[in-house]
Amino acid sequence: MIDFRYHIVSLISVFIALAVGIALGAGPLKETIGDSLTGQVDQLRQDRDGLRTNLTAAQTAQANQSTYLAAAAPRLLDGALADRRVAVVTLGPVDKDVTAAVAKQLKASGATVSAQVAVTDSWGDSSLRSFRQALAGNLATYLKPAPAKDASTETELAEALVQGLTTSDASSPDKLAESASLMLQLLADADSNLITVADAVKAPADDVVILTASDLKDKTATAAADDVVASQVAIAKAAAARSEGSVVADTNATSGDVVSTILADDTLAKSLTTVTGVNDVTGQVSVPLALNTTITGVAGGHYGFGDGEKAFPRAGHLPLLDRAKAAAGKVAQG
């Protein structure tokens, strides 16, 4: 049994240890400890300053490279999309500056941006599923060729959107078909509010660029989130099927978003073309070049600096653009 004397001895030992520590710290070890701490603090300051200098240098180098590429872009892109009309469709919270920058590079490549459309949150809102089903049933009657009999609501809506952007008047290939205008109007109607259109669409697009920025980065995967991505993938597939060329471009592919879903699926990856990093000038310049590759028959290219991506699209020679022939072919197909 521990008695009172044991506690007294223990307390005395503690106080002796403290006294020795204080005596040594204030005496023979004072200078050594102080010098050691001072040296460590000085070294940390030097490391911090060195890292800051390296960061500044890296940022300056990156800015210089971006400036150089932006200046060289017109020559790199010259004629890549000569006389093409391109519809730009945004999915998710795409920054307006990014959209404007991509549109600028499309124009530098010789293209005209015929439409700018934003797909709203209502497109994938689970609470509006019944409404979308009814609307898709009405829109399907205008689709030529008709969608597959087992086509989902998302597929029918996606095909209606793309056909609304790309279908020309049979007698006037440079004019948007009346049925196409009606489909866009129904999709943008206040009751549906599935899309917003920047300006009235007057001319049919030859090609489609889809810009996306994931809003699922900080969310746990849910059935609702999966439905949103599935509906966006449906738009990408419809763009590839119902236009002459299409590209899906993302600021940065994130697990579970549209581009990563495409890259993870062998079938989708072989049929759809993607670009990542369009928040930087490198990705913005790659979009017109990647679109050129799909028009010239090289689908399934993936461009960026991630795993399995190529750094730079190799543009090909554009085929002769004959919109009258294409319009006649669509009429015959319908």
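Biologist: Which backbone oxygen lies 3.3 Å from a polar atom of the side chain of Thr166?

Modeller: Read this as a polar contact: a pair of N or O atoms within 3.5 Å; within protein, one must be able to donate a hydrogen and the other to accept it, and residues adjacent in sequence count only if both atoms are side-chain atoms. Here the oxygen belongs to Arg242. One caution before we go on. This is a predicted model, where local features need pLDDT of at least 70 and side-chain atom pairs count only at pLDDT 80 or more, while totals for chains, interfaces and linings use all residues. Residues are numbered from 1 along each chain as its sequence is written, and side-chain values use heavy atoms, with hydrogens and water left out.

Biologist: Is Thr166 buried or exposed?

Modeller: Buried means under 20% relative accessible area, exposed means over 50%, and partly exposed is in between (1.4 Å probe, protein chains only). Thr166 has a relative accessible area of 5%, so it counts as buried. Thr166 lies in helix H5. Helices (H or I, at least four residues) and strands (E, at least two) are DSSP runs, numbered from the N terminus.

Biologist: How many helices and strands are in the chain?

Modeller: Eleven helices and nine strands. The chain has 334 residues, and 40% of them count as buried. Now look at contacts, meaning heavy atoms within 4.5 Å. Take those in the chain with a separation of 6 or more: 74% join residues 24 or more positions apart.

Biologist: Which residues have the most contacts inside the largest nonpolar core?

Modeller: In soluble globular proteins, nonpolar side chains tend to be buried together. A nonpolar core is a set of buried Ala, Val, Leu, Ile, Met, Phe, Trp, Tyr and Cys residues joined through side-chain atoms within 4.5 Å. The largest one here has 42 residues, and Trp123, Leu161, Leu187 and Ile210 have the most contacts inside it. Among the elements that give two or more residues to this core are strands S1 (85-91), S2 (112-119) and S6 (207-212), and helices H4 (129-140) and H7 (223-242). H7 gives the most, with seven residues.

Biologist: What does Trp123 touch?

Modeller: Leave out residues up to four places away in sequence. Trp123 then touches Arg132, Leu157, Ala158, Leu161, Leu187, Leu194, Ile195, Ser231 and Ile235. There is also a second, separate core of 23 residues, which includes Val86, Val94, Val113 and Val247.

Biologist: On to charges. How many salt bridges does the count come to?

Modeller: The rule is a side-chain nitrogen of Lys or Arg within 4 Å of a carboxyl oxygen of Asp or Glu. The count comes to five salt bridges. In one of them, the side chains of Asp207 and Arg84 meet at 3.0 Å, N to O. Asp207 lies in strand S6 and Arg84 in the loop between helix H2 (30-77) and S1, so the pair ties together parts that are 123 residues apart in sequence. Both Asp207 and Arg84 are buried.

Biologist: Where does Asp174 lie, the partner of Arg85?

Modeller: Asp174 is in strand S4 (residues 172-176) and Arg85 in strand S1, 89 residues apart. Their closest N and O atoms are 3.3 Å apart. Arg85 is buried at 12% relative accessible area. Asp174 is partly exposed at 49%.

Biologist: Which side chain meets that of Arg129 in a salt bridge?

Modeller: Asp227, at 3.4 Å, N to O. Arg129 lies in helix H4 and Asp227 in helix H7, so this pair ties together parts that are 98 residues apart in sequence. Arg129 is partly exposed, with a relative accessible area of 33%. Asp227 is also partly exposed, with a relative accessible area of 33%.

Biologist: What is Arg84 in contact with, leaving aside its neighbours within four places in sequence?

Modeller: Gly110, Ala111, Thr112, Asp206, Asp207, Glu244, Ile295, Leu321 and Arg323. Arg84 is buried, with a relative accessible area of 2%. The C-alpha atoms of Arg84 and Asp206 are separated by 6.3 Å, though these residues are 122 apart along the chain.

Biologist: Last, the surface. Which residues make the nonpolar surface patch of about 260 Å²?

Modeller: Ile8, Ile12 and Ile16. Patches are made of residues with over 30% relative accessible area and no salt bridge: like charges are joined within 9 Å, nonpolar side chains (Val, Leu, Ile, Met, Phe, Trp, Tyr) within 5 Å. Ile12 is in helix H1 (residues 4-26). Ile12 is partly exposed, with a relative accessible area of 47%.

Key. Areas by Shrake-Rupley, 256 points an atom, 1.4 Å probe, with all protein chains shown as cover.
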